Amino acid sequence: MAKIKWGMGVDYVSGLLGARPKKGQMHSDHTNVLLATHRVAATTNPNCTRVYMVGEYNRSTDPSAKELKIRSRFTEVGNAVRLRAKDLMQINADQAAFLAQRDLPNGKKTMKAYLWSVCGAEYDQQHGN
């Protein structure tokens, strides 16, 4: 449900404004739902709250070949990350490599981000990207 912070009037509203859709409804048949977001970044812009009506969505075009390729890469790399994270033969080496690169300027700050980077590079190398 929505989170409301009270102050002098209403300070901000964030979250779903109404009943939460049943499991599987939000993205399967896109029920109508009112969604509010509140940004808490340091800014001089006073318009930090946005409200969206998420309703039924029907795609008007088929996915392009490029989009299907991107989806396929995401699926393949995600599966590789999941398997590599459980591979007992590589865990120690991956952890050592992660710790060695973590504090570098372009280093990945989480193990999962590191594995996505490594597996993504392997996928790109195998598929000539």
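Visitor: Hi! Is Aspartate 94 buried or exposed?

Guide: Aspartate 94 is buried, with a relative accessible area of 4%. Buried means under 20% relative accessible area, exposed means over 50%, and partly exposed lies in between, using a 1.4 Å probe and protein chains only. This is a predicted model, where local features need pLDDT of at least 70, side-chain atom pairs count only at pLDDT 80 or more, and totals for chains, interfaces and linings use all residues. Residues are numbered from 1 along each chain as its sequence is written, and side-chain values use heavy atoms, with hydrogens and water left out.

Visitor: Where is Aspartate 94 found, and what does Aspartate 94 touch?

Guide: Aspartate 94 is in helix α3. Leaving aside residues up to four places away in sequence, Aspartate 94 touches Arg84, Met111, Tyr114 and Leu115. Contact here means heavy atoms within 4.5 Å. Helices (H or I, at least four residues) and strands (E, at least two) are DSSP runs, numbered from the N terminus.

Visitor: At what angle do α3 and α4 pack?

Guide: Helix α3 (residues 91-102) packs on α4 at about 100°, and their axes are 10 Å apart. That makes α3 roughly perpendicular to α4. The axes are lines fitted to C-alpha atoms, for helices over the stretch in contact, and the angles run from 0 to 180 degrees between N-to-C directions. Under 35 degrees counts as roughly parallel, over 145 as roughly antiparallel, 65 to 115 as roughly perpendicular, and the rest as oblique.

Visitor: Which residues make that contact?

Guide: From α3 there are Asp94, Gln95, Ala97, Phe98 and Gln101, and from α4 there are Met111, Tyr114 and Leu115.

Visitor: Switching topic: how do α2 and α4 cross?

Guide: Their axes come within 9 Å and cross at roughly 125°. That makes α2 oblique to α4. Among the residues in contact are Val77 and Val81 of α2, with Leu115 and Cys119 of α4.

Visitor: What makes up the largest nonpolar core?

Guide: Eight residues do: Val77, Val81, Phe98, Tyr114, Leu115, Val118, Cys119 and Tyr123. A nonpolar core is a set of buried Ala, Val, Leu, Ile, Met, Phe, Trp, Tyr and Cys residues joined through side-chain atoms within 4.5 Å.

Visitor: Which element gives the most to this core?

Guide: α4 does, with five residues. The elements giving two or more residues are α2 (65-86) and α4 (111-126).

Visitor: And how many helices and strands are in the chain?

Guide: The chain has four helices and four strands, in the order β-β-α-β-β-α-α-α along the sequence. Of its 129 residues, 17% are buried.
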